[in-house]
Amino acid sequence: MRGPARATVAQLSRFDEVIDVRSEGEFAEDHVPGAVNCPVLDDVERARVGTIYKQRSAFEAKKIGAALVSANIARHLSERLLDRPREWRPLVYCWRGGSRSDAFAHVLSQVGWRVGRLDGGYRAYRRRVVADLERLPRAFRLRVVCGLTGSGKSRLLRALAGAGAQVLDLEALAAHRGSVLGELPDAPQPPQKMFESRVWAALRGFERRRPVYVEAESRKIGALRVPESLMQAMWKGDCILLEAPDAARVELLKQEYAHFFEQTESLARRLELLLPLHGHAVIGKWKELAAARRWDKLIVELLVRHYDPAYTRSTTKHYPALPRATKLALGATDDAAFAALARRCLETDKSS
């Protein structure tokens, strides 16, 4: 019976399912997008085998490890993979394409499935991600959505995606809105490597002949760094300037940050991060407005004194195409208004 075939990162799409056999801790840090985790050794078992290897002998470690691996493969086969059809084509990988993936892939191939084993494992995949993120951003025509905080840039991106445009939503990939108040409730940010994998997967899915829409961002979105090559490509991109009246901006921000209305203590802690910039008197006033639930007043204060000056300085410095930007005026905050702006964007792109 034919054994597992070697496969490269470029061949990922040829397989029906990608199986990561590393431990759950390794998987949580980063993995091939869309992969499922079927550990042949979990975190505790992996540590146990490593300790036996160091304190006793390689032979003892291999013997115990083989028993654990065999039991785990049997469990995955009977619980998770039993319903896979004969035609199913899985790709298996571990850290470096060694014994863990080899054992799992061998058993699957003996069942009769056409199995691939990722040559070089996760390390080869990670090297490919790093290399691609260096070159891929330069391959696309980026259209960068600019606009003051609260003008609806993320809403416009979602409307563009709904209209069929190619959209790179970095804040969605980073699980963060990109400001000091940008943490999403009950949605922690992914690790840096996972964020880069998400960006890589998105870029690989785009057609190079069509533009890619992306929001103007800082180098960091929350705790995550945007790949430098992508930042450089964004700074060189064409700009779209989204303009909105203050009343609309306040309304949009109240919608996006509604979770703070019931978490005033959390909001106060986040505001304290701005102490070095604005001092105790200003931060104290903002905390009082939050405690009094004077949301409109607080939002206007934050926009005028913090967000607008910072955003204007940053975009003016980094986006030389901003003076030539296509300008879009937001007249309302409902979905229909953003859908109309998205259509205008696409019409402008077709005529250019």
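## The parallel sheet

Two strands are taken to pair if DSSP finds at least two bridges between them. In this predicted model, five strands meet that description and form an open sheet, arranged in the order β1-β5-β4-β2-β3 with parallel pairing. The edges of the sheet are β1 (5–7) and β3 (36–37), each of which pairs on one side only. Strands of a sheet pair through backbone hydrogen bonds, either parallel or antiparallel.

One of the residues concerned is Ala-5, whose bridge partner in β5 is Gly-116.

## A helix across the sheet

Two packed helices are described by the angle between their axes and the distance between the axes. For helix α11 (residues 264–271) and helix α12 (residues 275–291), the axes come within 9 Å and cross at roughly 165°. Because angles over 145 degrees count as roughly antiparallel, α11 is roughly antiparallel to α12. The crossing of α11 with α12 is right-handed.

Which residues make the contact between these helices? From α11 come Thr-264, Leu-267, Ala-268 and Leu-271, while α12 supplies Leu-275, Ile-283, Trp-286, Lys-287 and Ala-290. By residue class, the contact of α11 with α12 comprises seven nonpolar residues, one polar residue and one charged residue.

## A mostly covered helix

Helix α9 (residues 228–235) is mostly covered, with six of its eight residues buried. The buried residues of α9 are Ser-229, Leu-230, Met-231, Ala-233, Met-234 and Trp-235.

## The chain as a whole

The protein chain contains 14 helices and 12 strands. Taken along the principal axes, its C-alpha atoms fill a box of roughly 70 × 50 × 35 Å. Of the 352 residues in the protein chain, 49% are buried.

Contacts within the protein chain can also be described by separation in sequence. Among those between residues at least 6 apart in sequence, 73% join residues that are at least 24 apart.

Technical notes. Residues numbered from 1 in each chain as written. Predicted model: local features only at pLDDT ≥ 70, side-chain atom pairs only at ≥ 80, totals over all residues. Heavy atoms only, no water. Helix = DSSP H or I, 4+ residues; strand = E, 2+ residues; numbered from the N terminus. Buried < 20%, exposed > 50% of the residue type's maximum accessible area, 1.4 Å probe, protein only. Axes fitted to C-alpha atoms, helices over the stretch in contact; angles between N-to-C directions. Parallel < 35°, antiparallel > 145°, perpendicular 65-115°, else oblique. Left-handed = near helix turned anticlockwise from the far one by under 90°. Contact = heavy atoms within 4.5 Å. Nonpolar A, V, L, I, M, F, W, Y, C, P; charged D, E, K, R; others polar.
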